[in-house]
Amino acid sequence: MSIAFLNDSYMPITEAKISPMDRGFLFGDGIYEVIPSYEGKLLGFNGHITRMQEGLAGIGLGLQWTHQEWETLCTKLASENGNGNLGIYLQVSRGADSKRYHAFPQDVKPTIFGFTFDIPASPVANKETAKRYTVSTSQDLRWQRCHIKSTALLGNVLHFQEGYSQGNDETLLYNDKNELTEASACNAFIVKDSVVITPPLDNQLLPGITRNMLVDILREDGSIRVEERPVTMDEVRAADEVWITSSTKEIGAVVSVDGVPVGDGQIGDIWLAAQTLFTQHKYDLSLIHISEPTRQAEIS
Ligand code: PDD
């Protein structure tokens, strides 16, 4: 039985109950995080919590938990749930009001919820065993604040379902300029002529912790060139490699886009080099110096 945290206590997940008046339920008015924990070791913890705090501040939700308080919660949730390979889900909503009214309520306590779910073991940099992802593409029809990790995910859910219903693992999204933004639950990269390219951080995409860590690790290592710049869908279709990144996938090699093979249809050499470096350095905090999503400050 998995153990969850709700407001002030730990309990079996089946006993965790919230009010139907909770604004998270009524409006999707909340912020969430998913933090991987491998055998009790949290990956990218500071980046995740900083992003959550920036998201909470960004929607005017004044919860003042410190990194230490979040760490205590995450560590306890991981240990209560067996310290295996876990995704730790954290959610803060604006709480349960007595009425349904759009304006922010006064004096309502935020709802804090955490639970864990099983994730695959830490990915291994091996072309033979790595999962081969396939994706669809679709025009990005979500809102203009995609840098906020909001629980209002219907836009993402509908886009995910487009790819899923066609037998694919994800949906790559593009804006009205035919530029790649991200995927419905991942960031996206292409590789062309050995250069790794990913769209720059702005309001069209989530500042993914995996994305930011990967960019930092590759730049620090220096053997692979990285560019953060707009990527057109024509470039995606002509790419040698396409990757999707997220906390539960690390770097996912995409082998087909809309049914058309990427490059030669095999997992590429740059993926192998990048996943090898990521595996080697992902806990190395001295390397991952700019992965904090304070880069959101650059978002206009
Ligand atoms: N998804 N973009 C979107 C829209 C996402 O939902 C996610 C993560 C990412 C990757 O971010 P990160 O590297 O910080 O996990 C990019 C999570 C895992 C989810 O919703 O389950």
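The questions and answers below go through some features of this predicted model.

Q: Why is Cys186 called buried?
A: The relative accessible area of Cys186 is 2%. Buried means under 20%, so Cys186 with its 2% counts as buried.

Q: How do you know that Cys186 is in no disulfide?
A: The nearest cysteine sulfur, that of Cys146, is 14 Å away. The structure holds zero disulfides.

Q: Why does Cys74 count as buried?
A: Cys74 has a relative accessible area of 0%. The limit for a buried residue is under 20%, and therefore Cys74 is buried.

Q: What makes Glu39 exposed?
A: Glu39 has a relative accessibility of 61%. Exposed means over 50%, so Glu39 falls in that class. Glu39 sits in the loop between E3 and strand E4 (41-42). Its phi is positive, about 50°, although Glu39 is not a glycine.

Q: Why is Asp107 called exposed?
A: A relative accessible area of 81% is found for Asp107. With the cut-off for exposed at over 50%, Asp107 is therefore exposed. The loop between strand E5 (85-93) and E6 holds Asp107. Asp107 is a residue other than glycine with a positive phi, near 55°.

Q: What makes strand E7 mostly covered?
A: Strand E7 covers residues 132-139, and six of its eight residues are buried. Each of those six is under 20% relative accessible area.

Q: How do you know that E7 pairs with E14 and with E8?
A: Two strands pair if there are at least two bridges between them. E7 and E14 have four bridges, in the parallel sense, so they pair. Tyr133 stands opposite Val254 in E14. E7 and E8 have five bridges, also parallel, so this is a pair as well. Here Thr137 has Leu172 in E8 as its bridge partner.

Q: Why do E8 and E9 count as paired?
A: Strand E8 (residues 170-174) is joined to E9 by two bridges. At least two are needed, so the strands pair. They run antiparallel, and Leu172 stands opposite Ala183 in E9. The hairpin of E8 and E9 has five residues between the strands, and Asn178 in this hairpin takes a positive phi near 65°.

Q: What makes a set of 25 residues the largest nonpolar core?
A: Such a core is made of buried nonpolar residues joined through side-chain atoms within 4.5 Å. Val196, Leu214, Leu218, Trp243, Ile251 and Trp271 touch the most other members of the set of 25. Strand E10 (187-192), H5, strand E14 (250-257) and helix H7 (269-281) each supply at least two residues. H5 gives the most, with six residues. A second, separate core has 22 residues, including Phe5, Phe45, Leu61 and Ile88.

Q: Which residues lie closest to the centre of the largest pocket, and what makes a residue part of its lining?
A: The largest pocket holds about 1,200 Å³ of space. Lining residues have an atom within 4 Å of a pocket point, and 49 residues line this pocket. The closest to its centre are Tyr32, Lys149, Ser150, Leu153 and Asn156. Among the elements that give two or more lining residues are helix H1 (23-27) and strand E13 (241-246). H4 gives the most, with five residues. By class, the lining has 22 nonpolar, 16 polar and eleven charged residues.

Methods:
Residues numbered from 1 in each chain as written. Predicted model: local features only at pLDDT ≥ 70, side-chain atom pairs only at ≥ 80, totals over all residues. Heavy atoms only, no water. 1 Å grid on protein atoms, 1.4 Å probe; cavity = no way out; pocket = protein on both sides within 12 Å on 5 of 7 lines; lining within 4 Å. Points joined across faces, edges and corners; volume = space filled by probe spheres on them. Nonpolar A, V, L, I, M, F, W, Y, C, P; charged D, E, K, R; others polar. Disulfide = S-S within 2.5 Å. Buried < 20%, exposed > 50% of the residue type's maximum accessible area, 1.4 Å probe, protein only.
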